[in-house]
Amino acid sequence: MKEHIDTGLPDLGQPFSWAIRAGRTLYTTHGPVRQDGTVETGPIADQAHLTFSNLELALKAAGMGMHDVAQVLIYLTNVVDMRIVDEVYRLYFDAPYPNRSTVGVSALVVPGMAIEIVAYAQTDNK
């Protein structure tokens, strides 16, 4: 059975949930979305910070933390940004780091949006 997690992030009017728990696993996707529903389209460091901060918010709402993340999939519109994203990533995750894949894409939903992530987290609690 799946459970919607209220993350406190804004409703963007699209048919998706910011976070869904099924059993002990949390499925969540994030981008650089501000609390007012607008998207940060500035420097990649700002976008990455906001994206991982939103992930942290969703995990907290589910009673979890960044240490519970097992896998992160990162989508970047410019793979040259990987070095900067890695710097930000290390501020949010400690070793042992989650399993990770990074994919270069030609565009994301909002023009100027340069990063989107998918994360899977698991906990022993339920």
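Reader: Why does the radius of gyration of the chain agree with that of a compact globule?

Author: With 126 residues, a compact globule would have a radius of gyration near 14 Å, and the chain has 14 Å, so the two agree. The radius is taken over C-alpha atoms, and the globule rule is 2.2 Å times the number of residues to the power 0.38. This is a predicted model, in which local features need pLDDT of at least 70, side-chain atom pairs count only at pLDDT 80 or more, and totals for chains, interfaces and linings use all residues. Residues are numbered from 1 along each chain as its sequence is written, and side-chain values use heavy atoms, with hydrogens and water left out.

Reader: Happy with that! Why is threonine 51 called buried?

Author: Buried means under 20% relative accessible area, exposed over 50%, and partly exposed in between (1.4 Å probe, protein chains only). Threonine 51 has 0%, so it is buried. Across the chain, buried residues make up 43% of the 126 residues.

Reader: What makes His30 a contact of threonine 51?

Author: Contact means heavy atoms within 4.5 Å. Beyond its neighbours within four places in sequence, threonine 51 is in contact with His30, Gly31, Pro32, Ile115 and Ile117.

Reader: And how do you know that threonine 51 is in a helix?

Author: Helices are DSSP runs (H or I, at least four residues), strands are E runs of at least two, and both are numbered from the N terminus. Threonine 51 falls in helix H1, residues 44-61. The chain has two helices and six strands, in the order β-β-β-α-β-α-β-β from the N terminus.
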